[in-house]
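Dear colleague,

Please find the structure below, together with its sequence.

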Amino acid sequence: SQGGMGAALLSDPDKIESILTTLVKGICKPVTCKIRILPSVEDTVNLVKRIEKTGIAAIAVHGRKKEERPQHPVHCDVIKVISEAVSIPVIANGGSHDFIKEYTDIETFQKATAASSVMIARAAMWNPSIFRKEGLFPLKEVMQDYIKYVLRYDNHYTNTKYCLCQMLREQLETTQGKKLHAAQSTQEICEVFEMADFYEETTAIFEAKKTSLETETQDEDGQMEDPDVIKMAVRFDKREYPPQITPKMYLLEWCRKEKHPQPVYETVQRPLDRLFCSVVTVAEQKYRSTLWDKSKKLAEQAAAIVCLRTLGVPEGKLCEGENHLINKRKREDQERLNNRDCGEDLAEPSHKKANFIEETSDMNVPKM
């Protein structure tokens, strides 16, 4: 509320209307909002009707006033008045403490508020199996299942501890609760819930998987560490080049001029981080960048740069001055225009041809 957000907005309906109207007009997804009730039922209904006119898809109503805390009773009667006053769906919220102890209570709360649906926060934190139609699972079982997810997804122990404390609630003063409160790592939390063996087994599996991935990466790096490959730490930044001019184009042009076979690119992807590295072969010599890139195209351009710089050949950068490939294209385009004026069929412009070549590189046709 300090920044004028959240419940503080309730005192500024003009701003609420402005924000929601902008959102509804500006995005194609359904927009919803959530409010607390105002001291006056009439004012609350007027606000909700004003909100409805902005075009939102649904409204959630926490049935407490701004200053009321969770221990205060939820005002089902006010939510019901709101539900009956608007045509959009109303989502009832705030029933965890007074109403919702198991799945069947969700429907009880919905009927008491005449809402279209129910939003649950605290009751779901206390025992996530509240959503199970057949009834709650025992808390011990729920907490152990939760810890399994924690280990699987490497959740930070402070968040894990907070969630488990929410589940224990009144049991926090027991021996187990005190041990949980004192825990300073995921391993210690597992020990509190008699899951030390599971922690060791799971950790060992993840460590083995990590080692395997690292070994694969080293193997691939090893394959790339051919002593005959010339290497430099370079990356391709298209901002340094004119539009549609790339190092690969310059390298192909140079190979044609020198009567060499066209460049051949071999690209590998690292499983660990899914980055790419490419080796280009020109005149039986291999070149690559030592830096791994996020795409196959970028990796190939970087390899081309290494080759061009080693050969001392221009790579087409803006800072290199007059660009002969651009001039060549201008001449070709002018010739095509002249041909068209003479009634001949006009081939595709050279910049479109270049783009086509660029796109077909995945079929082992080197990009220009």
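Is lysine 259 buried or exposed? Lysine 259 is exposed, because its relative accessible area is 72% (buried means under 20% relative accessible area, exposed over 50%, and partly exposed in between, with a 1.4 Å probe and protein chains only).

Residues are numbered from 1 along each chain as its sequence is written, and side-chain values use heavy atoms, with hydrogens and water left out.

The average pLDDT of the chain (the predictor's confidence in each residue, from 0 to 100) is 86, and 83% of the residues score at least 70. Over residues 344-368 pLDDT stays under 50. Where pLDDT is low, the predicted coordinates should not be read in detail.

Lysine 259 is found in the loop between H11 and strand E6 (264-269) (helices, H or I with at least four residues, and strands, E with at least two, are DSSP runs numbered from the N terminus). The phi of lysine 259 is positive, near 65°. Glutamine 244, in the loop between strand E5 (229-232) and H11, also has a positive phi, near 65°. Most residues other than glycine have a negative phi. Glutamine 244 counts as partly exposed, because its relative accessibility is 35%.

Helix H11 itself (residues 247-257) is mostly covered, with nine of its eleven residues buried. Among them are Met249, Leu252 and Trp254.

Serine 83 belongs to helix H3 (residues 76-85). Serine 83 counts as buried because its relative accessibility is 13%. A polar atom of its side chain lies 3.0 Å from the backbone oxygen of threonine 113. Beyond its neighbours within four places in sequence, serine 83 is in contact (heavy atoms within 4.5 Å) with Val90, Thr113, Ala114 and Ala115.

Finally, the largest pocket is lined by 14 residues. Helix H6 (139-152) and helix H10 (196-224) are the elements that give two or more residues to this lining, and H10 gives the most, with eight residues. Lying nearest the centre of the pocket are Leu151, Asp154, Thr203, Phe206 and Glu207. A pocket here is an open set of points on a 1 Å grid over the protein atoms alone, where a 1.4 Å probe fits, with protein on both sides within 12 Å along at least five of seven lines; lining residues have an atom within 4 Å of a point.

Yours sincerely

Note on methods. Predicted model: local features only at pLDDT ≥ 70, side-chain atom pairs only at ≥ 80, totals over all residues. Polar contact = N/O pair within 3.5 Å; in protein donor to acceptor, adjacent residues only side chain to side chain.
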